[in-house]
Amino acid sequence: MPLFNTDIVYCLFQVVFHDVGALTEKLFPIVEAMQKHFSAGSGAYYSDAIFFLSVAMHRIMPTELKCIVQLDLDLKFRSSIRDLFQEFNHFPAEAVIGIAREMQPVYRHTFWQYRKENPKSRVGDPPPDGLPGFNSGVMLLNLDAMRCSTLYNQLLEPERVARLAEKYHFRGHLGDQDFFTMIGMEYRELFYPLSCGWNRQLCTWWREHGYGDVFQLYYRCDGPVHIYHGNCNAPIPND
């Protein structure tokens, strides 16, 4: 008769709820500057303060918390979240955030004036050689690295945000990912690029709104899909 190991492995976890209002108050100067440049105005969906807390999460989380995986709700995992956590081990020395590229030409559109004035720039161009910007649906926040990075913390200062926004003629509407995209154009060393399979975005809005000729250059994602992201209410495959 075969014998089976009946040991039980218990996973201990803790759920903590945070008051967004209290957190926003702690970060008011930062959040206020972000809302000015990276939302469509008062009342817009991405104008809510919760969409900007990630940029300074290292200042409001307890110091014993070393890293965070931050996820949107419209995701479907096809791989273990444990494998996603392993991506922290691949961060280069200066990287503070792991994030996948944006898979639509949204930033080709947003940076239109800068691109017109700088026709040889790669800003807003598609991969593999361009700089298409980031999508914040799946993010790895190395809180210790964020705390220690002088450069990153300087970039949170409202004056630095305003200067970069003026340089790139940037007026966004997508919250934190606009900020990460903008500073990523200037300081790519702060970011560890997750493969597109860790945030396989499914939204095709820009294909029908003026960018059908280049859409597939951004939307293509080779390799295995670990996470589907049903952004802009896109249907998620049932496989």
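Me: Which strand gives the most to the lining of the second largest pocket?

Reply: It is β5, with four residues. Strands (E, at least two residues) and helices (H or I, at least four) are DSSP runs, numbered from the N terminus. This is a predicted model, in which local features need pLDDT of at least 70 and side-chain atom pairs count only at pLDDT 80 or more, while totals for chains, interfaces and linings use all residues. Residues are numbered from 1 along each chain as its sequence is written, and side-chain values use heavy atoms, with hydrogens and water left out.

Me: What makes a residue part of the lining of a pocket?

Reply: A lining residue has an atom within 4 Å of a point of the pocket, which is an open set on a 1 Å grid over the protein atoms alone, where a 1.4 Å probe fits, with protein on both sides within 12 Å along at least five of seven lines. For the second largest pocket 20 residues line the space, and Arg 101, Leu 131, Pro 132, Phe 134 and Pro 193 are nearest its centre.

Me: How many disulfides are there, and how is that known?

Reply: A disulfide is a pair of cysteine sulfur atoms within 2.5 Å, and by this rule there are two. The sulfur atoms of Cys 196 and Cys 221 are 2.1 Å apart, and the two residues therefore form a disulfide. Cys 196 is in the loop between β5 and β6 (200-201) and Cys 221 in the loop between α10 (215-219) and β7 (227-229), so their link ties together parts 25 residues apart in sequence. The sulfur atoms of Cys 203 and Cys 232 lie 1.9 Å apart, and this pair also forms a disulfide.

Me: Why is the disulfide of Cys 203 and Cys 232 called right-handed?

Reply: The torsion about its S-S bond is about 110°, so the disulfide is right-handed.
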